[in-house]
Amino acid sequence: MRALSSPPSVLAPALQQPPRSPISQVPQLLPVKRYKIRSHYDGVFSLSFTKDGSRLAVGYGSGDVTLHDTRTAKLTCCPSRKSDPLPVTGLQFRTEDRSEMLYCLASGPIFLQRIDDESNVVDVMEANEENEINTLDVSEYGYYFCTAGKDRNIRIYDWERFKPFSVLGPLTEGDYIGPPEDTLTQHGKRIFSVKFSNESPYHLVSGGWDNSVKVWDLRTNQVVKSMSTASTLGPKLCGDALAIKGDLCVTGSLLPENAIELWSIKEGRRISVLPYESPNLRGEYVLVVKFCGDSHVIAGSATCHDAQIISIEQEKVVSRIDGFRRSVSSLAVSNNGKVAVAGGAPYISFVETMTTPFFLET
């Protein structure tokens with residue numbers, strides 16, 4: 001990613017969307033099997049594949065984590081449960097290493113655990129933030145990881161000391177109250193998603209409840225672009241609803257319409273609005289979104305109780321994963337884009353995007 005220019009004064013106007021098909025005409029990916037999530041797990045909050053796709057980790061509202069072999073869809077181990085029964089809000093494997101799993105709880109603790117080939121679990125590192133953590137991400141370049149949440153700061157950690165060496169964000173606590181133009185250089189409310197660039201080791205992108213997405217330069221700890229202005233609001237995130245692929249950034253907002261937006265990171269402008277088909281006028285209210293290969297995105301809704309796969313080029317919903325009774329609050333996509341996992345009560349749906357889906361027993 002080359003150096004970015006200062007924030008634009010006005011975003012591109014809303015783009016007209018193509019006509020939508022009725023939700024009943026969208027093909028459904030019907031499951032072969034369904035297994036209920038154990039009730040004491042209190043819902044799925046986080047999902048993550050290893051880079052080779054051989055393992056899937058699941059984080060729950062109870063603070064539990066389970067690990068699954070994706071070839072057999074069987075539970076292989078349950079990493080030790082911590083004393084704090086709050087949701088696992090961030091969960092990832094350490095880049096190339098399929099044996100080291102990093103996860104955090106909403107109340108602030110962060111854990112690094114190693115799982116060997118016999119599925120034995122060893123605690124490696126542990127840290128604790130005095131913050132409510134909503135999100136976690138690992139740099140693809142392997143140097144560091146970051147967390148963000150309620151206090152509007154992004155903390156950059158190194159792996160060896162397992163402590164933050166840099167903090168991006170405001171010096172004050174609580175929601176920002178002040179001139180609107182100052183929110184171009186900081187988040188005004190809690191952060192719900194942060195992602196390192198996969199093109200540059202020096203940049204990351206963050207989004208939250210303040211109707212904005214920020215691009216940060218780690219060399220200066222400054223915002224170099226803001227995808228919102230004082231006169232035009234940006235995405236309103238309330239979950240892991242930000243994903244990047246090269247120059248493209250897709251966001252999902254907790255809004256009744258026009259919730260999924262595709263952005264150019266370098267230009268700081270909106271490219272298009274992608275549809276999410278809402279049955280019975282429930283509204284879109286997107287909680288989570290991921291890229292699904294190079295040509296599609298997958299999103300989960302708080303109100304529609306499904307996940308939908310959307311073609312970027314056609315700007316059209318091409319298939320949906322149905323059968324949930326509550327919000328679809330977590331998604332994971334394999335590195336090759338061929339397998340997607342959607343988590344929502346009372347099921348975890350494990351889907352081969354090009355063939356037949358099946359459900360993963362927990």
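**Entry 1: the chain as a whole**

What percentage of the 362 residues in the protein chain do buried residues make up? I looked this up and got 57%. Buried here means under 20% relative accessible area, exposed means over 50%, and partly exposed lies in between, with a 1.4 Å probe and protein chains only.

I note that this is a predicted model, in which local features need pLDDT of at least 70 and side-chain atom pairs count only at pLDDT 80 or more, while totals for chains, interfaces and linings use all residues. Residues are numbered from 1 along each chain as its sequence is written, and side-chain values use heavy atoms, with hydrogens and water left out.

I then looked up the secondary structure and found zero helices and 28 strands in the protein chain. Both are DSSP runs numbered from the N terminus: helices are H or I with at least four residues, strands are E with at least two. For contacts (heavy atoms within 4.5 Å), I took those between residues at least 6 apart in sequence; 47% of them join residues at least 24 apart.

**Entry 2: the largest nonpolar core**

A nonpolar core is a set of buried Ala, Val, Leu, Ile, Met, Phe, Trp, Tyr and Cys residues joined through side-chain atoms within 4.5 Å. The largest one has 30 residues, and V205, V250, I260 and V297 touch the most other members. I listed the elements that give two or more residues to this core: β15 (213–217), β17 (242–245), β18 (248–252), β19 (260–264), β21 (286–292) and β22 (296–301). In soluble globular proteins, nonpolar side chains tend to be buried together.

With neighbours within four places in sequence left aside, V250 is in contact with A241, L242, A243, I260, E261, L262, V289, F291 and V297.

**Entry 3: β21 and β22**

Why is β21 described as largely enclosed by the rest of the structure? Because seven of the seven residues of β21 are buried. β21 and β22 run antiparallel and are joined by six bridges. Two strands pair if DSSP finds at least two bridges between them. I found C292 opposite H296 in β22. Three residues lie between the strands of this hairpin, and G293 takes a positive phi near 75°.

**Entry 4: an open sheet of four strands**

I looked up an open sheet with four strands in the order β9-β10-β11-β12 and antiparallel pairing. Its edge strands are β9 (133–138) and β12 (164–168), each of which pairs on one side only. Neighbouring strands of the sheet are turned by 20° against each other on average, direction ignored. For such angles, axes are lines fitted to C-alpha atoms (for helices over the stretch in contact), and angles run from 0 to 180 degrees between N-to-C directions.

Strand β11 (residues 154–158) is joined to β12 by four bridges. Y157 stands opposite P164 in β12.

**Entry 5: salt bridges**

How many salt bridges does the structure hold? I found 14, where a salt bridge is a side-chain nitrogen of Lys or Arg within 4 Å of a carboxyl oxygen of Asp or Glu. Side chains of opposite charge can pair when their charged atoms come close.

I checked three of them.

- R219 and D217 have their closest N and O atoms 3.1 Å apart; R219 is exposed at 51% relative accessibility, whereas D217 is buried at 9%.
- E267 and R269 meet at 2.3 Å, N to O; E267 is partly exposed at 46%, and R269 is partly exposed at 35%.
- D322 and R320 have their closest N and O atoms 3.3 Å apart; D322 is partly exposed at 25%, whereas R320 is buried at 7%.

**Entry 6: aromatic pairs**

A search of the whole structure gave me 10 aromatic pairs. Rings of Phe, Tyr and Trp (its six-membered ring) pair if their centres lie within 6.5 Å; planes under 30 degrees apart count as stacked, over 60 as edge-to-face and the rest as tilted.

Y103 and F111 form a tilted pair, 5.3 Å centre to centre with 40° between the planes. Both Y103 and F111 are buried. Y141 and Y143 form a stacked pair, 6.4 Å centre to centre with 20° between the planes. Y141 is partly exposed at 33% relative accessibility, and Y143 is partly exposed at 49%. I found that ring pairs link Y141, Y143, Y144, F165 and F196 into a cluster.
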